[in-house]
Amino acid sequence: MLFPVLMKKAFARNLQYRLSHAVNTVASIVFGLIYVSIWQGIGQQDGMHGYSLQTVIHYVALNQATLWVTLFVTNGLGIERSVRTGQIATDLMRPVHLFYQLMCREWGQIGYQLLYKTIPIYLIYIWMLSLPVPRSTGTWLAFATALAMAAYMNICVNYLIGVTALWTTESTWLFWVHNSISSVLSGFLIPIEWLPHWLQRIAYMTPYPYMQYIPSKIYLGLASPSEMYGGLLWCVLFTALCLAATAVVRNKVEVQGG
């Protein structure tokens, strides 16, 4: 019962700031339209590397809509703040695994952003940019699964970023490094095929393509659902790393307050 309770609490907390979040949603829509306008201005009608100009526009628009699920989670899952206030000591004393409780809380946040940000942006892009809607149930299931795995991987990455605060008391810089790398290696702005070959090889050795590139290609019918299986392996690896990190954290608790 803990999982739905923590999700519900996180979701309800965000409801108090709906007006503020609506401004963020509008800004996100505008940014997406700016990206699209850039491609409309510089793109070639016949496309490149198997992408037509229209496909690239749809690709960029879809990535902008799903960004609130796949990337925008709480910085370090709030661990840095807990270390500074001393709350981390209480969190570790609770009879619930630290990773589990923070992950559950973050799923509530992601659920809120899916409902109040991703879906409205997605619907507006369908209207304004003629974003295609898959008719196959299989495509929708594969896309939803790939998106859920992308969100989970990002939760894990931010958890690992957060626990570094037990040693440094400052992990925000890692969060921004992660976001910066993701904007390139995840194929957020351009498909990975358009990157230099050496950078493509680096990208495919990381989990980032499974956070944006693979889900978007599955949605647009440019990739087989089987291509997301690599993301499943990364999910397993990240889970093991998060559990191992928690075991280490329990022996290294240094708080700055409390």
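This is a predicted model: local features need pLDDT of at least 70, side-chain atom pairs count only at pLDDT 80 or more; totals for chains, interfaces and linings use all residues.
**Briefing: an all-helix chain, its spaces and its core**

The largest cavity holds about 30 Å³ of space. Of the chain's 258 residues, 47% count as buried.

**The cavity**

- Counting cavities of 30 Å³ or more gives 1.
- The residues lining the largest cavity are A146, M149, M153, Y210, I214, P215, M228 and G231.
- Two helices, α7 and α11 (213-219), each give at least two residues to the lining of the largest cavity.
- Helix α7 supplies the largest share of that lining, with 3 residues.
- By residue type, the lining of the largest cavity consists of 7 nonpolar residues and 1 polar residue, with no charged ones.

**The pocket**

- Rolling a probe the size of a water molecule over the atoms shows where empty space is left.
- The largest pocket contains about 320 Å³ of space.
- Helices α3 (53-70), α6 (98-129) and α7 (137-163) are the elements that each give two or more residues to the lining of the largest pocket.
- This pocket has 16 lining residues, and those nearest its centre are L114, T118, F143, A144 and L147.
- The lining of the largest pocket has 14 nonpolar and 2 polar residues, and no charged residue is among them.

**The nonpolar core**

- Which members of the largest nonpolar core touch the most other members? They are I79, Y159 and I218, in a core of 69 residues.
- Helix α7 gives this core its largest share, 15 residues.
- Beyond its neighbours within four places in sequence, I218 is in contact with T139, A142, F143 and A146, and also with A223, S224, P225 and M228.
- Among these contacts of I218 is F143, one of the residues nearest the centre of the largest pocket.
- A146 and M228, also in contact with I218, are among the residues that line the largest cavity.

**Helices α7 and α12: L160 and F238**

- F238 belongs to helix α12 (residues 229-249), while L160 is part of helix α7.
- Is F238 buried or exposed? F238 counts as buried because its relative accessibility is 8%, under the 20% cut-off.
- L160 has a relative accessible area of 22%, so L160 is classed as partly exposed.
- The C-alpha atoms of L160 and F238 are 8.9 Å apart, although 78 residues separate the two in sequence.
- F238 and V157 are 81 residues apart in sequence, with 7.5 Å between their C-alpha atoms.
- Residues up to four places away aside, L160 touches F238, L241, C242 and A245.
- With neighbours within four places in sequence left out, F238 is in contact with M153, C156, V157, L160 and P207.
- M153, a contact of F238, also lines the largest cavity.

- Y116 sits in helix α6.
- Why is Y116 classed as partly exposed? The class follows from its relative accessible area of 32%, which lies between the 20% and 50% cut-offs.
- S130 is located in the loop that runs between α6 and α7.
- Most residues other than glycine have a negative phi.
- S130, which is not a glycine, has a positive phi of about 55°.

**Helix α9: S182**

- Helix α9 (residues 172-185) contains S182.
- S182 is buried because its relative accessible area is 3%, under the cut-off of 20%.
- Not counting residues up to four places away in sequence, S182 touches L71, G187, F188 and Y208.

**The chain overall**

- Starting at the N terminus, the elements of the chain run α-α-α-α-α-α-α-α-α-α-α-α.
- Among contacts in the chain with a separation of 6 or more, 79% join residues 24 or more positions apart.
- The chain exposes about 12,600 Å², of which carbon and sulfur atoms supply 67%.

Technical notes:
Residues are numbered from 1 along each chain as its sequence is written. Side-chain values use heavy atoms; hydrogens and water are left out. On a 1 Å grid over the protein atoms alone, a cavity is a set of points where a 1.4 Å probe fits but cannot get out, and a pocket is an open set with protein on both sides within 12 Å along at least five of seven lines; lining residues have an atom within 4 Å of a point. Grid points are joined across faces, edges and corners, and a volume is the space filled by probe spheres set on the points. Helices (H or I, at least four residues) and strands (E, at least two) are DSSP runs, numbered from the N terminus. Ala, Val, Leu, Ile, Met, Phe, Trp, Tyr, Cys and Pro count as nonpolar, Asp, Glu, Lys and Arg as charged, and the others, Gly among them, as polar. A nonpolar core is a set of buried Ala, Val, Leu, Ile, Met, Phe, Trp, Tyr and Cys residues joined through side-chain atoms within 4.5 Å. Buried means under 20% relative accessible area, exposed over 50%, partly exposed in between (1.4 Å probe, protein chains only). Contact means heavy atoms within 4.5 Å. Accessible areas come from the Shrake-Rupley method with a 1.4 Å probe; for residues, only the protein chains shown count as cover.
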